[in-house]
Amino acid sequence: MNREQAITEAFVGLTDTVADDVDPLTLLRRLVDHCVHLTGMDAAGVMLANARGRLQSAVVTEERVEVTEMFQAQVDEGPCIDAYNTGDPVHAADLAADEERWPVFTPLARAAGFAAAHSFPLQVREQTIGALNLLARTPTSLSEQDVRLLEALVHTATTSVLTWSRELLRPYDIVTRTQATLSAKAILDIAAGMLAATAPLTPAEAGQRLRTYAASQHLRPADVAEDLVRRRLTPATVLARTP
């Protein structure tokens, strides 16, 4: 399997939330496995925040990762802690140079055999629920391409975990969800038509203007469309905010 196929397989696996043998831990296990397989890192783990906001190890690719995660939680320092607290990725390509940064965690991580660490926050709607921890046995940097890929994998896995349901989809549920999707599409089409009637736009151009406005306001296109149809938002407002 080449890299392109491996990346496709990763995203397909992380979005499979309806199979009988899938649960949140299975999805997170797939995440850490794919992250190791697709990068130059040697091990990975995910820490999730408990009800008190403290990080706990959820899944790891090897036992030594869980040990380093326990260290981070106990001493309240390390790349995972920083990624969780700041909501930004944290990179330490060479832990030997980071003893001042994490004076307790770094010697423990190096004693466990790791020389590099990279962490990414797990976030949904700007709420951080945990962090991905990537470790390497030798000093290792991540390329910009790897960073973008890892961020996409983390986002996909986090969304899948939070939308997973214990209840199996019944035929009626599938029909209901399909109908809801079609209804949302119908509202989007109506809203695009309203924009096209207001300005000299084709339906496709109007749909793009709606999506651009939604992105600029950090809203879902479906919500913008519903606001337009229900007259809570005017076409002029949407068109004025987009080129």
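These legends describe close-up views of a predicted model.

**View 1. The buried residues of helix α9.**
Helix α9 spans residues 221–229. Its buried residues are Val224, Ala225 and Leu228. They cover an arc of only 100 degrees around the axis, so they lie on the same side of α9. In an α-helix there are 3.6 residues a turn, so residues three or four places apart point the same way.

Arg231 has a positive phi, near 65 degrees, and is a residue other than glycine. The loop that holds Arg231 runs between α9 and α10 (235–240). Is Arg231 buried or exposed? Arg231 is exposed, with a relative accessible area of 66%.

**View 2. Asp76 in the loop between α3 and α4.**
Helix α3 covers 63–75, and α4 covers 79–86. Asp76 sits in the loop between them. Its phi is positive, near 55 degrees, and Asp76 is not a glycine. The relative accessibility of Asp76 is 44%, so Asp76 counts as partly exposed. The cut-offs explain this: partly exposed lies between under 20% for buried and over 50% for exposed.

**View 3. The aromatic pair of Trp102 and Phe105.**
The count of aromatic pairs comes to one. The ring centres of Trp102 and Phe105 are 6.1 Å apart, and the planes meet at 85 degrees, so the pair is edge-to-face. Planes over 60 degrees apart count as edge-to-face. Both Trp102 and Phe105 are buried.

**View 4. Arg64 over the ring of Phe114.**
Here a charge sits over a ring. The charged end of Arg64 is 5.4 Å from the centre of the Phe114 ring.

Notes: Residues numbered from 1 in each chain as written. Predicted model: local features only at pLDDT ≥ 70, side-chain atom pairs only at ≥ 80, totals over all residues. Heavy atoms only, no water. Buried < 20%, exposed > 50% of the residue type's maximum accessible area, 1.4 Å probe, protein only. Helix = DSSP H or I, 4+ residues; strand = E, 2+ residues; numbered from the N terminus. Arc of directions from axis to C-beta. Phe/Tyr/Trp six-rings, centres within 6.5 Å; stacked < 30°, edge-to-face > 60°. Lys NZ or Arg CZ within 6 Å of the ring centre and 35° of its normal.
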